[in-house]
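Visitor: I would like a quick tour of this model. Please set the terms before the details.

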Amino acid sequence: MKTIGSFSAPIEAHLLISRLEGNGIHAYIRDEHMVTLDWLASNAIGGVKVDVADEDFERARELIAAGPTGGTPPGEAPKPGET
């Protein structure tokens, strides 16, 4: 398992997990409950972490780097046939 992202709030981690899993990449969350119990501990433990399998790491990085639209530049409509 490799950590693909770290967040100060659990909701941000869940948004990333939704995006990854929507693209077929299984993701796992760590330290969510600790941060929920004591949000001041977030900095001390490195935040809420999102992990993916080693074999999915590069694909997950590419998906994140593509931006929130999945590769279509902001303000540009997807081409016909693209989702």
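Guide: Contact means heavy atoms within 4.5 Å. The model is predicted: local features need pLDDT of at least 70, side-chain atom pairs count only at pLDDT 80 or more, and totals for chains, interfaces and linings use all residues. Residues are numbered from 1 along each chain as its sequence is written, and side-chain values use heavy atoms, leaving out hydrogens and water.

Visitor: Which residues does threonine 3 touch, not counting those up to four places away in sequence?
Guide: Threonine 3 sits in strand β1, residues 2-7 (strands are DSSP E runs of at least two residues, helices H or I runs of at least four, numbered from the N terminus). Its contacts are Arg30, Lys49, Val50, Asp51 and Phe57.

Visitor: Which side chain makes a polar contact of 2.8 Å with that of threonine 3?
Guide: A polar contact is a pair of N or O atoms within 3.5 Å; within protein, one must be able to donate a hydrogen and the other to accept it, and residues adjacent in sequence count only if both atoms are side-chain atoms. The side chain of arginine 30 makes one with threonine 3 at 3.0 Å. The 2.8 Å partner is aspartate 51.

Visitor: Which elements do the buried residues of α4 pack against?
Guide: Helix α4 spans residues 57-65, and Phe57, Ala60 and Leu63 are its buried residues. Exposed Glu62 and Ala65 are on the face turned away from the buried side. The packing partners are β1, α1 (10-22) and β3 (48-52).

Conventions: Buried means under 20% relative accessible area, exposed over 50%, partly exposed in between (1.4 Å probe, protein chains only).
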